[in-house]
Amino acid sequence: MGKYFGTDGFRGEANVTLTAEKAFKVGRYLGWYYGTKHPDGKASVVIGKDTRRSSYMLEDALCAGLTSSGADVYLLHVTPTPSVSYAVRTDDYDCGIMISASHNPYYDNGIKIMRGNGQKIEAEIEEKIEAYIDGEIPELPYATRDKIGRTVDFSAGRNRYIGYLMTIPTRGFKGKRVGLDCSNGSASMIAKSVFEALGAKVFVINNSPDGTNINRGCGSTHMESLRNYVQDNALDAGFAYDGDADRCLAVDEKGEVVTGDHIMFLCAKYMKECGQLADNMVVTTVMSNLGLYKSLEANGMSYQQTAVGDKYVAENMMANGYEIGGEQSGHIIFGKYAATGDGILTSLMIMQTMIEKKLPLSMLAGEMQVFPQVLKNVRVADKAAVKANARVRDAVNQAAAELGSDGRILVRESGTEPKIRVMVEAKTDAICEQYVDGIIRIIKEEGLADE
């Protein structure tokens with residue numbers, strides 16, 4: 001991870017870490033860099049944003065940087081992250097930019113950059129952008145006269161993405177009662193119309209964004225309201241998106257949460273039955289539950305693990321031709337249809353599986369055994385120092401040996417925050433708590449916690 005860019009782009013508090021000046025410089029570098037790939041020096045870039053108040057400021061700053069470097073900018077306006085990925089792939093843009101901090105609070109924001117194939121940009125380019133921001137690269141030439149770029153309204157691109165989603169399910173959803181929690185974010189503009197067009201009776205909550213209520217007590221990081229809503233309204237299923245709608249978690253008809261691991265399992269199992277699961281392989285990150293792996297193996301499927309971050313999952317899938325992968329948090333990638341996590345697409349694929357199998361979501365998800373898991377975060381000043389600490393490493397190794405094949409421990413750096421995440425899976429919650437608390441205690445005793 002770099003100075004500014006983590007596993008999911010440049011993220012930080014708006015006008016504190018992520019300022020308009022830095023966004024301008026990101027635009028300046030991208031406009032110049034991609035312009036060098038064209039004989040006329042003219043790059044084309046598509047931009048989307050979520051509903052945060054600061055997204056408008058950052059959009060203007062990026063546009064100023066891009067156009068002053070000679071790029072033409074096409075504005076999707078408020079839209080999901082996967083729609084930007086879709087537009088980049090289908091309309092041959094040099095790159096796409098999504099302004100969003102995903103599931104973070106409204107006062108944070110982020111800049112996610114996508115290359116021409118719709119996946120996250122290469123780390124090498126991120127490093128060059130960081131160097132330019134910090135003045136380590138000489139000033140870039142400005143475009144002048146007729147070489148200055150322009151901004152173009154491209155709301156039609158968002159509508160095209162909506163139309164594409166509607167074509168994916170092979171059956172309509174008539175007779176199904178579906179709840180949607182749009183997290184007061186990007187899904188507010190799209191999800192309801194997609195489900196209604198497919199024939200579902202749609203019930204929507206948290207779809208009135210005001211610039212400051214995105215992810216506030218709602219969406220995929222706060223499932224309580226959707227759980228109650230599904231039960232109170234006797235719905236067949238509920239789907240919760242995050243702020244930029246690139247992830248989705250579900251709620252079954254009984255009000256139980258269906259995690260990203262459950263989603264990967266039930267969709268992969270159905271795909272295998274249909275002969276659509278390449279090499280019978282599912283790609284996960286190291287954070288997926290041990291129960292997912294045991295359930296996949298029990299049903300004749302294999303798995304590969306990547307580092308945390310859907311960009312790594314996507315890279316593995318594309319390199320090997322795999323069809324499904326994702327994260328426990330709900331970033332699910334369906335390789336046949338998308339190059340990145342897509343929350344609305346995920347909910348459509350769950351619905352299709354329910355309809356084709358003629359089974360309720362609770363039964364489909366219930367086939368996967370879940371191992372108790374405890375995950376706690378420790379705020380630290382230096383993440384690398386924690387990973388390098390001999391006492392911490394010894395404690396982690398000892399815990400792994402004691403857990404054996406009936407559990408596992410994972411200590412990793414957050415890709416977006418100054419935190420260390422300690423996760424343990426075991427037969428009981430008590431065992432998980434014991435090992436997690438033990439590691440955190442050592443981190444604090446070593447003076448590594450930033451309290």
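Student: This is a predicted model. Why does Y33 count as buried?
Tutor: Y33 has a relative accessibility of 15%. Buried means under 20%. So Y33 counts as buried.

Student: What makes Y34 buried or exposed?
Tutor: Y34 comes out at 8% relative accessibility. The cut-off for buried is under 20%. Y34 therefore counts as buried.

Student: Why is the pair of Y33 and Y34 called edge-to-face?
Tutor: Two values describe such a pair: the distance of the centres and the angle of the planes. For Y33 and Y34, the ring centres are 5.0 Å apart. Rings pair if their centres lie within 6.5 Å. The planes of Y33 and Y34 stand at 85°. Over 60 degrees counts as edge-to-face. So the pair is edge-to-face.

Student: Which residues do ring pairs link into a cluster?
Tutor: Ring pairs join Y29, W32, Y33, Y34 and Y132. The structure holds 15 aromatic pairs.

Student: What makes the pair of Y74 and F154 edge-to-face?
Tutor: The ring centres of Y74 and F154 lie 6.2 Å apart, and the planes are at 80°. The limits are within 6.5 Å for the centres and over 60 degrees for the planes. So Y74 and F154 form an edge-to-face pair.

Student: Why does this pair tie together parts that are apart in sequence?
Tutor: Y74 is in strand 4 (residues 72-78). F154 is in the loop between strand 7 (151-153) and helix 5 (155-167). The pair therefore ties together parts that are 80 residues apart in sequence.

Student: How do you know whether Y74 and F154 are buried or exposed?
Tutor: Y74 has 18% relative accessibility. F154 has a relative accessible area of 11%. Buried means under 20%. So Y74 counts as buried, and F154 is buried.

Student: What makes helix 8 and helix 9 roughly parallel?
Tutor: The axes of helix 8 (residues 260-273) and helix 9 (residues 290-298) cross at roughly 10° and come within 10 Å. Angles under 35 degrees count as roughly parallel. So helix 8 and helix 9 are roughly parallel to each other. D261, M264 and F265 of helix 8 meet L292, S295 and L296 of helix 9. That contact divides into four nonpolar, one polar and one charged.

Student: Why is N206 called partly exposed?
Tutor: N206 has a relative accessible area of 25%. Buried is under 20%, and exposed is over 50%. N206 falls in between, so N206 is partly exposed. N206 also has a positive phi of about 55°, although it is not a glycine.

Student: What makes S183 buried or exposed?
Tutor: S183 has 0% relative accessibility, so S183 counts as buried. S183 sits in the loop between strand 8 (177-181) and helix 6 (191-197). S183 is not a glycine, yet has a positive phi of about 60°.

Definitions and conventions:
Residues numbered from 1 in each chain as written. Predicted model: local features only at pLDDT ≥ 70, side-chain atom pairs only at ≥ 80, totals over all residues. Heavy atoms only, no water. Axes fitted to C-alpha atoms, helices over the stretch in contact; angles between N-to-C directions. Helix = DSSP H or I, 4+ residues; strand = E, 2+ residues; numbered from the N terminus. Parallel < 35°, antiparallel > 145°, perpendicular 65-115°, else oblique. Contact = heavy atoms within 4.5 Å. Nonpolar A, V, L, I, M, F, W, Y, C, P; charged D, E, K, R; others polar. Phe/Tyr/Trp six-rings, centres within 6.5 Å; stacked < 30°, edge-to-face > 60°. Buried < 20%, exposed > 50% of the residue type's maximum accessible area, 1.4 Å probe, protein only.
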